[in-house]
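Me: Could you walk me through this model, question by question? I would like the cut-offs spelled out as we go.

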2 protein chains.
Amino acid sequence: MYLEGIATPADVRALPAQAMRPLCEEIRSAIIATCAKVGGHVGPNLGVVELTVALHRVFDSPRDKIVFDVSHQTYAHKMLTGRAEAFINPELMGAVSGFASPVESKHDHFSMGHTSTSVGLALGLAKARDLAGDTYDVVAVIGDGSLSGGLAFEGLDNAAELGTNLIIVVNDNEWSISEDHGGIYANLAELRATRGHTKDNYFRSMGLDYRYLENGNDEAVCEEALASLRGCDHPVVLHIHTHKGLGFAPAEENEESWHHVGPFNPETGEKLSGGRASGGIVITPPATYADITGEYLLKRMASDQQLVAISSATPYMMGFTPDRRAAAGKQFVDVGIAEEHAVTLCAGLAVGGAKPVYGVYGTFLQRTYDQLWHDVCLNAAPITVLVFGSSAFGTTDATHLGFYDIAMLSDMPGLTYLAPTCREEYLAMLDWAIDCRRGPYAIRVPGAGVVSRPSVEIPDGGYVFGIPEIVHEGTSGAAILALGSTMPLGEKVVALLAEKGIDVTLVNPRYACGIDFDWVCSLTDENRVVVTLEDGVLDGGFGSHIARILGPTNARVRGFGLPYGFPDRYEPEDLLNCCGLTERSVASEVIELLEETS
Amino acid sequence: MYLEGIATPADVRALPAQAMRPLCEEIRSAIIATCAKVGGHVGPNLGVVELTVALHRVFDSPRDKIVFDVSHQTYAHKMLTGRAEAFINPELMGAVSGFASPVESKHDHFSMGHTSTSVGLALGLAKARDLAGDTYDVVAVIGDGSLSGGLAFEGLDNAAELGTNLIIVVNDNEWSISEDHGGIYANLAELRATRGHTKDNYFRSMGLDYRYLENGNDEAVCEEALASLRGCDHPVVLHIHTHKGLGFAPAEENEESWHHVGPFNPETGEKLSGGRASGGIVITPPATYADITGEYLLKRMASDQQLVAISSATPYMMGFTPDRRAAAGKQFVDVGIAEEHAVTLCAGLAVGGAKPVYGVYGTFLQRTYDQLWHDVCLNAAPITVLVFGSSAFGTTDATHLGFYDIAMLSDMPGLTYLAPTCREEYLAMLDWAIDCRRGPYAIRVPGAGVVSRPSVEIPDGGYVFGIPEIVHEGTSGAAILALGSTMPLGEKVVALLAEKGIDVTLVNPRYACGIDFDWVCSLTDENRVVVTLEDGVLDGGFGSHIARILGPTNARVRGFGLPYGFPDRYEPEDLLNCCGLTERSVASEVIELLEETS
């Protein structure tokens, strides 16, 4: 086995050319075997095996620097840079991150998981090299799906101007997460059809040098093309055509559903249930909030022509399967990977009288801060944003943490951020938000699974007044505000305290942002202790807001929430434990504060 | 005078063709006279007079919808849509906003002031129109400078795919705020040189239809070109060439310094001092933080080849005049309007070993939330961000508020946000941040003018420990934490209370984000009242953070900061008054809380 003998890229370079085909086969088998066991980005990684081998034979990493966009396609790169063991030893499978990681290897220059950053990062490395008077090559590898992100355009545009050595490999596999969206994809298709010779070349229009390579899954031709660019004195785009999922029939046949998967049977491709997959987007089975959302929206579209669902390349997440997309027709728009535009488009839609509902992962929503503030909130544009994966139970990679959402959306004047505790409340809130024309709404889709709470109180006047639901009125002088998906924890704490004879108030705040100021102040009428629970970062989040309002009063306010930082590949239960978001820890804090103030 | 007779665009359409030249002259004179009196965007507005008249003769606003990018060039549009009085009656000059405003007129569809949003917003309007089965035209007017923003690219790319009626007028005056930057500007130059016939057309590469118009300052030809596009069934780019500053010699000769100005002599162009200009970027005279910054950085560059200053189209703001830019050479990079790329580039530079210093207005920094979080903080990349205009004394238009910065940067794990109280401390912090390789720094450049405080304590070990400066140690049990530019207010409050026999502690927190947790807790050893002052939004800001930390203690915590919302064209003193950021209000709150807890 060649792979076992590869400790550094120098070992790859030392192999004869005829070893490349079997080496690539070994890598491909290792990808399939590993993903079958622990899940992962099957399709993207199978497509770039030959390219990656060629990169490491031509360039001298880490002196030469290779930056993979998103870095979800770095499995082969990891195998060739000292980390093969994690892909061939069943006991170590999953031991390395699914993304680039400078902690793991000096061949990985950045932790990254969001798209479209590679050209800018690589350009920064190239400029730093020039300032230091050094001469190594810098390579960015970016997929076609990432090109629709404005940040990638900004990087290409600036690279053309700075005019220094930078090799930009456009890995064109004809797919984003779902199908590609945007005008430039027609250009890429023409470039493929003409072998790079079409008029109006997108890359050349920015002043970039450009080469086309048809067979991006032929290691030898990749190597030859890359070698010809080594040491070049200007930025150049090498557009290569690859086959997503190559070598695994199920992934070749259904690119969308094999972009990222959980464990599966490597013989048949049958997907296995159970086991939360780390690393990227998990396609969720039915009876999830994805399905609840897709079903609700599609049904409502039939009677409401102004309703339009917007996705930025993750339609599955909001339940828009290919069937539902087809059924929605013009009432569904996938803008491709372009979160900022998605939000700005929603502002235009809302001002124009339509009812846009944008579904997005919390971690990617971060890219739209300014669009939410300036395009949506400043204009009080009535849009609805559904925030998925914002929870300790979302994706657990540091690159994809979704739980800074409340802190971020707290900066949006006039935006109401609702946090439903259960399925019934989620649907009531969604129903309300779509029709409410008073301003923007976001809804924090519960991250810890679908919970039913038939007793939940749906307010008659809708969700505009910022008034929480009193779930239980206690007598002990302490109140627990259990936001959204922390309600089951709140219920448990109340029960535990009741066993000890302490009767505490339990509140469903409903509003992660937008809670009524006077209502919060009125908490001190009956309570001298206020405890907040949230499945989001504590600093700047819901609890901080409550603490700020009650700061000048005599109430003691203690917030429980997720830690401020970048926990990586964590176990959700461990994370909750370490920040005290457990029944025992919260209960004992309540007791202590009650005693201190009695 | 034609202008006096124009109440609606219908009045423009009713005029004979031969009235257009004198009407344009009237508009131009009104722009010059108004800006001479109250300041404004002289150059951009003078360049689009003919285009604007033509737009209102061809399209039927507000049924047809025109969206101006940034909307800093809407003076002629305002004059033709019922607001001419504000430009011709000296008593009303400045009565309308410098930007589009739906509150002012139904011809303005969005409040806006940040760049590159127009295509996305207009596309949203167009899609809403299609969903409603309506048929009006939608027009976006975008300047060449705004095209370097990735959001504009995302909008163009998606427009090409949605394929509906949308007329995108690219107003090419060959300038951003400073000179244009980025590879596409060579393409625009070629398109101008070839009258639209170059190979590799940027717009066509995305699949957009494209027309070129050379004389964009000829009203008749603009009208003809626009009329030919009316009602078209697909998106089309009309690239027109205009002359920034046309009709006012000083502005024609120096486009950069006449982009936005304060009051001036309309005969000579001599700029008058005094009077804070509202609306956009104010070019500041010497002895400002701009000049201090530019002087310091340029001097240091000579002995530090790794130091590189980055701007996103606002080099003046950080003191990089054309002379300093020339002197800095390769150590200065203007990426054009592309804030996101600027930050991602900085991450690459820092990881590559360079020392990037990025100067940016706080309001535009908003666009980089995800890049700061994911590219910079996740990688602990040692960059320095200088945040300008984040203050009640920054730009006072709702579109350009800069004072959400602390709330935003509080979400960035590992980023240290320093808030200097004076010039001496600013320079010490800047000096420290550039060399510190432990992670990212941002510095909140004081917004309320340059203050000297020779007694300021510069910590020996640098700014890494999160420990504040105790300016005065009091005995009354109350402490005032006066962040950054609120230190003079803090000093006054302390003096006022001293007169009443109350000796309070005064603290310079130094850290807007990154203050030491234990140090904050230790405040309660000697104090039962803690008051925070900040020249930033209170919610989610510095004071909220202190309140959260001290929530479980018996201390009373009262924060004073700016209101959460979109105050527009406000008087800074009024804003400070309304949120209690005054000597008397803070002092009386301290007294009250001391009494309540005694």
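**Backbone and interface**

Reply: Happy to! To begin, B:Pro62 sits in the loop between α4 (49-58) and β1 (65-68) of chain B, where helices (H or I, at least four residues) and strands (E, at least two) are DSSP runs numbered from the N terminus. This is a predicted model, in which local features need pLDDT of at least 70 and side-chain atom pairs count only at pLDDT 80 or more, while totals for chains, interfaces and linings use all residues. Residues are numbered from 1 along each chain as its sequence is written, chains are lettered from A and ligands numbered from 1 in the order in which they are written, and side-chain values use heavy atoms, with hydrogens and water left out.

Me: What is omega for the peptide bond from B:Ser61 to B:Pro62?

Reply: The bond from B:Ser61 to B:Pro62 is cis. In chain A, a cis peptide bond joins A:Ser61 and A:Pro62, with omega about 10°. For the chain B bond, omega is near 5°.

Me: Is A:Asp200 buried or exposed?

Reply: A:Asp200 lies in the loop between α9 and α10 (202-205) of chain A. Its phi is positive, near 55°, in a residue other than glycine. The classes are buried under 20% relative accessible area, exposed over 50% and partly exposed in between (1.4 Å probe, protein chains only). At 9% relative accessibility, A:Asp200 is buried.

Me: What is the relative accessible area of A:Glu174?

Reply: A:Glu174 is found in the loop between β3 (166-172) and α9 (184-193) of chain A. This residue is not a glycine, yet has a positive phi of about 65°. A:Glu174 counts as partly exposed, at a relative accessible area of 37%.

Me: How many residues of chain A are in contact with chain B?

Reply: Contact means heavy atoms within 4.5 Å. On the chain B side, 105 residues take part. The area buried between the chains is about 8,700 Å², with 59% from carbon and sulfur atoms; buried area is the accessible area (1.4 Å probe) that two parts lose on being put together, summed over both. For chain A, the number in contact is 106 residues.

Me: Which residue forms a salt bridge with B:Asp539?

Reply: A salt bridge needs a side-chain nitrogen of Lys or Arg within 4 Å of a carboxyl oxygen of Asp or Glu. The rule finds 4 across the interface of chain B and chain A. For B:Asp539, the closest N and O atoms are 3.1 Å apart, and the partner is A:Arg548.
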